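I opened my notebook to get to know a new structure. Here is what I looked up, step by step.

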Amino acid sequence: MKKLRSFYKVLIALLVLLFVEFGVLLVSLSLADRGSKQTDTNSTNAEILA
C-alpha cells in the first residue's frame, strides 16, 4: 500500500512539472510571437516613411 501511495506522489509531481513546463512554453511562444509582430510593424512603418 505504501509503495502505491509513493507511486501516486511521483505521478502527481510529474504531472505538475509537465503542466508547468507547458505553461512556460506557451508564455515563451506568446512573447516570441508578440516580438515578431512588433518587428513586422516597425519594418512596415519604416517602409511607409521611406
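I began with a definition: a residue counts as buried when its relative accessible area is under 20%. The model I am reading is predicted. Of the 50 residues in the protein chain, I found that 0% count as buried.

Next I looked up the secondary structure. The protein chain comes to one helix and zero strands. Helix α1 covers residues 2–49, and L18 lies in it.

Then I turned to the surface. The protein chain exposes about 4,800 Å², with 71% of that supplied by carbon and sulfur atoms. I also noted a nonpolar surface patch of about 1,300 Å², whose members include M1, F7, Y8, L18 and V24.

Is L18 buried or exposed? I read a relative accessible area of 55% for L18, so it counts as exposed, the cut-off being over 50%. Y8 has a relative accessible area of 46%, so I wrote it down as partly exposed.

My last stop was the aromatic rings. The count comes to one aromatic pair. F7 and Y8 form this pair, with 5.8 Å from centre to centre. Their planes are 55° apart, and the pair is tilted.

Conventions. Residues numbered from 1 in each chain as written. Predicted model: local features only at pLDDT ≥ 70, side-chain atom pairs only at ≥ 80, totals over all residues. Heavy atoms only, no water. Patch = residues over 30% accessible without salt bridge, like charges linked within 9 Å, V, L, I, M, F, W, Y side chains within 5 Å. Areas by Shrake-Rupley, 256 points an atom, 1.4 Å probe, with all protein chains shown as cover. Salt bridge = Lys/Arg side-chain N within 4 Å of Asp/Glu carboxyl O. Helix = DSSP H or I, 4+ residues; strand = E, 2+ residues; numbered from the N terminus. Buried < 20%, exposed > 50% of the residue type's maximum accessible area, 1.4 Å probe, protein only. Phe/Tyr/Trp six-rings, centres within 6.5 Å; stacked < 30°, edge-to-face > 60°.
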